[in-house]
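Here's a quick briefing to read with the model open. Have a look at the structure first, then work through the points below.

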Amino acid sequence: MPHFNSSIFRPSMLTLIGIPGLESVQFWIGIPFCGMYIIALLGNFLLLVVIKVERSLHEPMYLFLAMLGATDIALSTCILPKMLGIFWFHLPNIHFDACLLQMWLIHTFQCTESGILFAMAMDRYVAICDPLRHASIFTQRLLTQIGVGVTLRAALFVAPYLILIKCRLNFYWTTVVSHSYCEHMAIVKLAVEDVQVNKIYGLFVAFSVLGLDIIFITLSYIRIFITVFKLPQKEARLKAFNTCIAHICVFLEFYLLAFFSFFTHRFGFHIPSYIHILLSNLYLLVPPLLNPIVYGVKTKQIRDQVSRIFCCNYPS
């Protein structure tokens, strides 16, 4: 076809330009991004260590939190090193297959995080609405199955992204990706061929994974609130709310950023491209940064263990 004449057939390299329109200040943008990454790594590693060494925290809520921390470390590590290479060292090139691998890892970890948040909501639902059966339902075996299940669900749902790109899209208008990491739609938009199937499947994954998770999480918390408001004692109501508040904060932070980024990227045609990219970056960097802080501040058991770790180095 004529429009293939000036196109590129199966490029071996792509070029990530970073944040379009802000190339001159990307060096300075990289400084707070690097700071966020370091704090996220330290916070989540500390969270994992505290949960591992303290046997009293070997409960479903904290084990799910450990899964969330490990996912956050993996997600931010998929993005930041390459992004800082673009911002600071002018290393924008990436092999096409490496770009697809980064894309698959990023979206897989995003879906995994959503699945873990759903599992945490179910844990709180059973703990508050059916406390006598909580220990018998959330056994170690079930926790392992949930961890494997949400990871496999994410990997299998995202895998067709790779297949649809590798098997359907052969010709590309350009090798320049207007993004700071390899995002699915940013790569698909480079293709000359019809990408309707790719777009539809991307929407299907977003709504069947993130969409269903957010629906079930919302329903579980509606049921939790109904149960809590029926408790006769004010102290019992406050205690029940306190066990959920950290999860609600993380839930709102993750999904609000996710859907705002998702819809502006696809339907916000009048929003400048650098706003799209900054939102996408913040969506992937802010949850790993805030999750250990929120849980560390709002969860007394974790706060006490962190204080014990640091205080033991400074005996009075």
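Let's start with Q305, which counts as buried because its relative accessibility is 11%, below the 20% cut-off. Keep in mind that this is a predicted model. From there we move on to a helix pair and some aromatic rings.

**Around Q305**
- Q305 sits in helix α10, which covers residues 300-311.
- Leaving aside residues up to four places away in sequence, Q305 touches V50, E54 and L57.
- With E54 there's also a polar contact, side chain to side chain, at 3.5 Å.
- D123 is 182 residues from Q305 along the chain, and their C-alpha atoms are 22 Å apart.

**Helices α1 and α9**
- Helix α1 (residues 26-53) packs against helix α9 (residues 273-298) at about 35°, with 7 Å between the axes.
- The crossing of these two helices is left-handed.
- On the α1 side, the contact is made by F33, M36, I39, A40, G43, N44 and L47.
- α9 brings in L278, N281, L282, L285, V286, P288, L289 and P292.
- Sorted by class, that contact has twelve nonpolar residues, three polar ones and no charged ones.

**Aromatic rings**
- Searching the whole structure turns up 15 aromatic pairs.
- Take F254 and Y283: their ring centres are 5.8 Å apart and their planes meet at 50°, so this pair is tilted.
- The pair ties together distant parts of the chain, with F254 in helix α8 (residues 234-267) and Y283 in helix α9, 29 residues apart.
- Both F254 and Y283 are buried.
- F27, W28, W88 and F89 make up one aromatic cluster.

Definitions and conventions: Residues numbered from 1 in each chain as written. Predicted model: local features only at pLDDT ≥ 70, side-chain atom pairs only at ≥ 80, totals over all residues. Heavy atoms only, no water. Axes fitted to C-alpha atoms, helices over the stretch in contact; angles between N-to-C directions. Helix = DSSP H or I, 4+ residues; strand = E, 2+ residues; numbered from the N terminus. Left-handed = near helix turned anticlockwise from the far one by under 90°. Contact = heavy atoms within 4.5 Å. Nonpolar A, V, L, I, M, F, W, Y, C, P; charged D, E, K, R; others polar. Phe/Tyr/Trp six-rings, centres within 6.5 Å; stacked < 30°, edge-to-face > 60°. Buried < 20%, exposed > 50% of the residue type's maximum accessible area, 1.4 Å probe, protein only. Polar contact = N/O pair within 3.5 Å; in protein donor to acceptor, adjacent residues only side chain to side chain.
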